[in-house]
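Reader: I'm new to this one. Can you put it up and walk me through the charged pairs and then the helix contacts?

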Amino acid sequence: MRLNYPPDIKIVRVPCTGKVDLVHLLHAFEKGVDGVFVVGCLEGDCRYKTGNLRARKRVEQARAILDQVGVGGERVGMYNLSSGEGPRFAQYAMEMDEIIRRLGPNPLKAARKPKAA
Amino acid sequence: MIVADRKPVEEIMDMVKDVSSLLILGCNECVTVCEAGGKKEVAVLASTLRMSFLNQGKEVRVDERTLERQCDHEYLEEIRNIADQYDAVVSLACGVGVQFMAETYPRLPIFPGVNTCFLGVTEERGLWTERCQACGQCILSQTAGVCPISRCAKRLLNGPCGGSTKGKCEINPDLPCAWQLIIDRLAALGRMDDYEQLMPLKDWTTDRAGGPRKVVREDVQS
């Protein structure tokens, strides 16, 4: 298929999006990533029944916290697709990339930089 | 177990706004089960606070630790060697743990990270309900194992009252009438004759009305 998607996206593989914990999302932002999107199976199609529904809740929790601390909840998103939908994955990746570029870099990165002497 | 709920992050942020080093201290017991103050909640709160401080340009060290319990001396002693590294501790234990921490470390400010709610059960994940008010004199043998002190809004000993409608309490249509539950269970157990027995006045001196309580067991004291 050889589809293109933005090259600065790092894929972290998990057995099911139900494995993605709230703290994993928060730690990523704490370490300076600009955005995270969680891609799960279609709702109703989870092999473990509710993994993707749980992931969506955690993404919503992460959004609320990131808004609260001033990082911006829009930086985290959740998408659903089936494993056969390569083009849609590429489309979501580009969509998320666009959102993050509009928001700019994670403000914590600038805050962490040592101040000039 | 003791059921607690998370405090709003803004409230916690306000408590710790002036510190430069902070320990978030969880408890592995009840508050872990009710997902308010266990290791996971400690990690989430600590990460939230670290990001918030960083974004405000403040350099604050926020560390995480979860003890087996915060209501026993032996576990509180585990942080004896590190306690003086911190300006304050946010304890995610119930109110008991927060107070015992404060008693154990008199010069260390301890802030509560949860609201302690009641003694209850996990009906399902994310739903905890009250079952006991620790009145100090259990009457469950007379009430077929359903407690009217904790589950009846009026704490009636001889119920139900006139507000019981279709098995629900008048204060909330979702709340089962405790006395309806008692009667149903007495009937199921074939003990409806017991329902005819009027319950005498309860001795409330063992409840909170008698002031803070204690249990002394000389047989197990060393």
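Author: Here it is; note that this is a predicted model. Counted over all chains, there are 20 salt bridges.

Reader: Ok, pick one in chain A. What does A:Asp97 form a salt bridge with?

Author: Its partner is A:Arg101, and the closest N and O atoms are 2.9 Å apart. A:Asp97 and A:Arg101 are four residues apart in helix H3 (residues 86–103) of chain A, so about one helical turn separates them.

Reader: Are those two buried or exposed?

Author: A:Asp97 is buried, because its relative accessibility is 17% and the cut-off for buried is under 20%. A:Arg101 is exposed, at a relative accessible area of 54%.

Reader: Which residues are in a network with that pair?

Author: A:Asp8 joins A:Asp97 and A:Arg101 in one network, through salt bridges that share partners.

Reader: Switching to chain B. What does B:Arg125 pair with?

Author: B:Arg125 forms a salt bridge with B:Glu35, with 2.8 Å between the closest N and O atoms. This pair links distant parts of the chain, 90 residues apart. B:Arg125 is in the loop between strands E6 (114–124) and E7 (127–132) of chain B, while B:Glu35 is in the loop between helix H2 (30–33) and H3 of chain B.

Reader: And how exposed are they?

Author: B:Arg125 counts as exposed at 52% relative accessibility. B:Glu35 is partly exposed, with a relative accessible area of 29%.

Reader: One more pair. Where do B:Glu170 and B:Lys154 lie?

Author: Both are in loops of chain B: B:Glu170 between strands E8 (168–169) and E9 (172–176), and B:Lys154 between helix H6 (148–151) and E8. Their side chains meet in a salt bridge at 3.6 Å, N to O, so the pair ties together parts 16 residues apart in sequence. B:Glu170 is exposed at 53%, and B:Lys154 is partly exposed at 48%.

Reader: Now the helices. How do H1(A) and H3(B) pack?

Author: Helix H1 (residues 22–30) of chain A and helix H3 (residues 39–55) of chain B pack at an angle of about 25°, with axes 9 Å apart. Angles under 35 degrees count as roughly parallel, so H1(A) and H3(B) are roughly parallel to each other. The crossing is left-handed.

Reader: Which residues meet there?

Author: From H1(A), they include A:Leu22, A:Val23 and A:Phe29; from H3(B), B:Ala43, B:Val44 and B:Met51 are among them. By class, the contact has seven nonpolar, three polar and two charged residues.

Conventions: Residues are numbered from 1 along each chain as its sequence is written. Chains are lettered from A and ligands numbered from 1 in the order in which they are written. This is a predicted model: local features need pLDDT of at least 70, side-chain atom pairs count only at pLDDT 80 or more; totals for chains, interfaces and linings use all residues. Side-chain values use heavy atoms; hydrogens and water are left out. Axes are lines fitted to C-alpha atoms, for helices over the stretch in contact, and angles run from 0 to 180 degrees between N-to-C directions. Helices (H or I, at least four residues) and strands (E, at least two) are DSSP runs, numbered from the N terminus. Angles under 35 degrees count as roughly parallel, over 145 as roughly antiparallel, 65 to 115 as roughly perpendicular and the rest as oblique. A crossing is left-handed if the near helix is turned anticlockwise from the far one by less than a right angle, and right-handed if clockwise. Contact means heavy atoms within 4.5 Å. Ala, Val, Leu, Ile, Met, Phe, Trp, Tyr, Cys and Pro count as nonpolar, Asp, Glu, Lys and Arg as charged, and the others, Gly among them, as polar. A salt bridge is a side-chain nitrogen of Lys or Arg within 4 Å of a carboxyl oxygen of Asp or Glu. Buried means under 20% relative accessible area, exposed over 50%, partly exposed in between (1.4 Å probe, protein chains only).
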